[in-house]
Amino acid sequence: AGHPEFKMLESQAAQAWSTAEAMNIMDSFMSKYPEIDAVYCHWDIGVAAAMQAAEAAGRADDIIFLGVDGVQAALDAIKSGGPFKSTALQDFDLASTAQTMATLACLNGDGDKLQKDLYVDFVCITQGNASDFEVGW
């Protein structure tokens, strides 16, 4: 809503994180929409599946792909300078530490002293900084 220059064409979830379904969804979108500027998937492997469908249709170079997770394959694809432009890296070390500390506080009877919402910032990975990260998963 804060960016009227962008128009969401459609949104659809792939059930059970199915790459086959992600490819089918992308195929469907490409048949409905002759022009797609960007595709966002809330899972990097879904981005790879959507890119594969776009590549098969000869449209991958015309679309920007963005994801979330920060898996190593995504970082490698972003480094290469192709259509996969960005991912949001989840800092699992920091998130695991925060979750462990919160669990220990609850077990020690201090759960009422915790913030009710604990957030761990994501790291925006682009071609400019992808070489600075090695996630290994």
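Biologist: At what angle do helix H1 (residues 19-32) and helix H2 (residues 44-56) pack?
Modeller: This is a predicted model; local features need pLDDT of at least 70, side-chain atom pairs 80 or more, while totals for chains, interfaces and linings use all residues. Numbering starts from 1 along each chain, and side-chain values use heavy atoms, without hydrogens or water. Helices are DSSP runs (H or I, at least four residues). The axes of H1 and H2 lie 8 Å apart, at an angle of about 45 degrees.

Biologist: Is H1 parallel or oblique to H2?
Modeller: Roughly parallel needs under 35 degrees, roughly perpendicular 65 to 115, roughly antiparallel over 145; the rest is oblique. The angle is about 45 degrees, so H1 is oblique.

Biologist: Which element gives the most to the lining of the largest pocket?
Modeller: The lining (atoms within 4 Å of a pocket point) divides into 19 nonpolar, 4 polar and 4 charged residues. H1, strand S1 (38-40; a DSSP E run of at least two) and H2 each supply at least two. With 4 residues, the top contributor is H1.

Note on methods. Axes fitted to C-alpha atoms, helices over the stretch in contact; angles between N-to-C directions. Nonpolar A, V, L, I, M, F, W, Y, C, P; charged D, E, K, R; others polar.
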